Amino acid sequence: MSFLIFLLSGIAGGILGGMGMGGGTLLIPLLTTVCGVKQSAAQGVNLLCFLPMSAVALFVHAKSGLLKKEGLAFLTVPALLFSALSAVAAAYLPDAALSKGFGVFLIGLSFFQFASAFRMKKSKNAF
């Protein structure tokens, strides 16, 4: 039964990751609350899952001509650097701090998404 729960969690995270939302917004809470995985392990699993998903997404977007190559290094290099530093920091932080930090991130993300949707609706009504 636990295999099925892990499998369904991975599918749900993969679907959201493929849609561009970020699979970790669902995968990490599923792993910690439903599957009983420690926060640090869940975040590590999310990072490992992100690598193949992002590689496939990059390939598909590049093949479709949707990839802007200008400024790519200025975005990629700092992202890789801070991802590695954050992963090392997460390995040494207590699970409670990681859980609270991730919760704050999700709350901030929800406010950003709400504001973005409200702005889009407003701009559509302007025409």
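This is a predicted model: local features need pLDDT of at least 70, side-chain atom pairs count only at pLDDT 80 or more; totals for chains, interfaces and linings use all residues.
**Whole chain**

Start with everything shown as cartoon. You will find five helices and zero strands. From the N terminus on, the order reads α-α-α-α-α. Along the principal axes, the C-alpha atoms fill a box of roughly 50 × 35 × 30 Å. Now colour by accessibility. Of the 127 residues, 13% are buried. Take the contacts between residues at least 6 apart in sequence: 49% of them join residues at least 24 apart.

**Helices α2 and α3**

Select residues 24–34 for α2, then residues 39–63 for α3. Two packed helices are described by the angle between their axes and the distance between those axes. Here the axes come within 9 Å and cross at roughly 145°. The crossing is right-handed.

Show side chains where the two helices meet. On the α2 side, pick G24, L27, I28, L31 and T32. On the α3 side, pick Q39, A42, Q43, V45, N46 and C49. By class, this contact has six nonpolar and five polar residues, with no charged ones.

**Stop at Q43**

Zoom in on Q43, in helix α3. Is this residue buried or exposed? Q43 counts as buried, because its relative accessible area is 19% and the cut-off is under 20%. Which residues does Q43 touch, leaving aside its neighbours within four places in sequence? They are I28, L98 and F102.

**Along α3 to C49**

Move along helix α3 to C49. C49 is partly exposed, with a relative accessible area of 30%. Next, draw a distance from C49 to G17. The two are 32 residues apart along the chain, yet their C-alpha atoms are separated by 9.4 Å.

**The largest pocket**

Finish with a pocket surface. The largest pocket has a volume of about 1500 Å³. It is lined by 42 residues, and N46, L47, F50, S54 and S83 are the closest to its centre. Select those five to centre the view.

Which helix gives the most to the lining? That is α3, with 14 residues. Colour the lining by class: 25 residues are nonpolar, 17 are polar and none is charged.

Key: Residues are numbered from 1 along each chain as its sequence is written. Side-chain values use heavy atoms; hydrogens and water are left out. Helices (H or I, at least four residues) and strands (E, at least two) are DSSP runs, numbered from the N terminus. Buried means under 20% relative accessible area, exposed over 50%, partly exposed in between (1.4 Å probe, protein chains only). Contact means heavy atoms within 4.5 Å. Axes are lines fitted to C-alpha atoms, for helices over the stretch in contact, and angles run from 0 to 180 degrees between N-to-C directions. A crossing is left-handed if the near helix is turned anticlockwise from the far one by less than a right angle, and right-handed if clockwise. Ala, Val, Leu, Ile, Met, Phe, Trp, Tyr, Cys and Pro count as nonpolar, Asp, Glu, Lys and Arg as charged, and the others, Gly among them, as polar. On a 1 Å grid over the protein atoms alone, a cavity is a set of points where a 1.4 Å probe fits but cannot get out, and a pocket is an open set with protein on both sides within 12 Å along at least five of seven lines; lining residues have an atom within 4 Å of a point. Grid points are joined across faces, edges and corners, and a volume is the space filled by probe spheres set on the points.
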